[in-house]
Amino acid sequence: MTSVLIVNEQSLQRRGLRMLLAEEPGLTVVGEASSGAEAVRMSAALCPDVVVMDSHISHSDGTETIRRITRPPTLPWTPELSRTQGNRPRVLILTPDGHEQRAYAALRAGAGGFLLHDTTPGELTAAIRVVAAGGAVITPGLTRALIDTVRQLQPALPAEREVGIGMLTERERVVLTAVASGWSNAEIAAWLSIATTTVKAHVSSILAKIGARARVQAVVFAYESGLVRPAA
C-alpha cells in the first residue's frame with residue numbers, strides 16, 4: 001500500500017484528489033495539508049511514501065519546503081544518511097503550467113516528479129507509483145526545456161559538484177552518463193555486459209555519493225557538473 005499526503009491550499013481540490021485516490025487500489029491518503037509548513041510537520045509525523053503538492057505551495061513557500069520534506073533539516077545530507085534515511089517521503093508536484101525554471105528549482109530541491117494539472121487520473125496514479133518506487137516523472141514536453149534551462153543557468157562548476165564528481169569511480173561516471181541520457185537499467189546492463197543488479201548497485205552508489213534522492217536529481221547533477229552536455 002502506497003501512502004499519500006495531499007498538499008493544496010484549496011479544500012475543494014484536496015477533497016477531489018482524496019476521492020480520486022481513494023478509488024485506486026494500492027493507494028491510501030493519510031492526510032491533507034494546506035500550507036508548506038503544515039506539509040513539513042505532517043510529513044514528519046505520518047511518513048507518507050509520496051507527497052502530492054500543488055505548485056503554488058512550492059512556489060509561495062520556496063523550494064525549502066521540498067528540501068525539508070525529502071531531507072531531514074537538522075542533518076547534513078551524506079552517503080551514510082542516504083542509506084539510513086531511505087524512507088523519506090518523495091514529492092510529486094502538480095502545476096497549471098510547464099514553467100521550466102520553477103520545475104528545475106523543484107527537481108533540484110528533491111522533487112521526484114512534475115505533472116500538469118490537466119493530467120488524466122490514470123497518469124496521476126501511475127506517476128505516484130513511479131515516484132514512490134524512486135523513479136522520476138516529468139510532464140511531456142518539459143524535459144528538453146529543463147535541459148535548456150540547466151545549460152543557460154549553469155555557472156562555473158560549483159565546489160560541491162566538483163567534489164561529487166571526484167567521488168565517482170570511472171564506471172560510475174559511465175553509468176551516470178547513460179542514466180542522464182535516458183537509458184534504463186536493462187539497456188545499461190546490455191551495453192556494459194553486466195547484470196542488471198550490478199547496474200542497480202552502481203546507481204544506488206551514485207545517488208549516495210552525490211546526495212541525490214532519485215534518478216531525476218542524478219540527471220540534473222550530470223548536466224550541472226558538465227559530465228553530460230546538452231546537444232546543440
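Predicted model: local features only at pLDDT ≥ 70, side-chain atom pairs only at ≥ 80, totals over all residues.
I started at helix 13 (residues 215-224): eight of its ten residues are buried, so this helix is largely enclosed by the rest of the structure. "Buried" here means under 20% relative accessible area, "exposed" means over 50%, and "partly exposed" is in between, with a 1.4 Å probe and protein chains only. The buried ones in helix 13 are Val216, Gln217, Ala218, Val220, Phe221, Ala222, Tyr223 and Glu224. After helix 13 comes Gly226, with a positive phi near 90°.

Residues are numbered from 1 along each chain as its sequence is written, and side-chain values use heavy atoms, with hydrogens and water left out.

**Whole chain**

I looked up the overall make-up next. The chain has 13 helices and six strands; these are DSSP runs numbered from the N terminus, with helices being H or I of at least four residues and strands being E of at least two. Of the 232 residues in the chain, 47% are buried. I found an accessible surface of about 11100 Å² for the chain, and carbon and sulfur atoms hold 54% of it. That area comes from the Shrake-Rupley method with a 1.4 Å probe; for residues, only the protein chains shown count as cover. I also checked contacts, meaning heavy atoms within 4.5 Å. Among those between residues at least 6 apart in sequence, 66% join residues at least 24 apart.

**Helix 12**

How far apart are the end C-alpha atoms of helix 12 (residues 196-210)? They are 21 Å apart, which agrees with the 21 Å that 15 residues should span at 1.5 Å a residue. The expected span is 1.5 Å times one less than the number of residues. Buried in helix 12 are Val199, His202, Val203, Ile206, Leu207, Ala208 and Ile210. Just past the end of helix 12, Gly211 has a positive phi of about 70°.

His202 has a relative accessible area of 17%, so it counts as buried. Setting aside neighbours within four places in sequence, I see His202 touching Arg171, Glu172, Val175 and Ile194.

For the record, axes are lines fitted to C-alpha atoms, for helices over the stretch in contact, and angles run from 0 to 180 degrees between N-to-C directions. Angles under 35 degrees count as roughly parallel, over 145 as roughly antiparallel, 65 to 115 as roughly perpendicular and the rest as oblique. From helix 10, Arg171, Glu172, Val175, Leu176 and Val179 meet His202, Val203, Ser205, Ile206 and Lys209 of helix 12. I sorted the residues of this contact of helix 10 with helix 12: five nonpolar, two polar and three charged. In that sorting, Ala, Val, Leu, Ile, Met, Phe, Trp, Tyr, Cys and Pro are nonpolar, Asp, Glu, Lys and Arg are charged, and the others, Gly among them, are polar.

**Helix 1**

Which way does helix 1 (residues 11-22) sit against helix 7 (residues 121-132)? They pack at about 75°, with axes 11 Å apart, and are therefore roughly perpendicular to each other. Leu17, Leu20 and Leu21 of helix 1 touch Pro121, Leu124, Thr125 and Ile128 of helix 7. By class, this contact of helix 1 with helix 7 has six nonpolar residues, one polar and no charged ones.

Met19 is in helix 1 too. Met19 is exposed, at 52% relative accessible area. Its C-alpha atom is 9.2 Å from that of Val29, ten residues apart along the chain.

Most residues other than glycine have a negative phi. I noted Cys47, not a glycine, with a positive phi of about 50°. Cys47 is in the loop between helix 2 (36-46) and strand 3 (50-54), and is partly exposed at 43%. Ser193, also not a glycine, has a positive phi of about 60°. Ser193 lies in the loop between helix 11 (185-192) and helix 12, and is exposed at 68%.

Last entry: is Thr65 buried or exposed? Thr65 is buried, at 5% relative accessibility. Thr65 belongs to helix 4 (residues 64-70) and touches Gly36, Val40 and Met53, not counting residues up to four places away in sequence.
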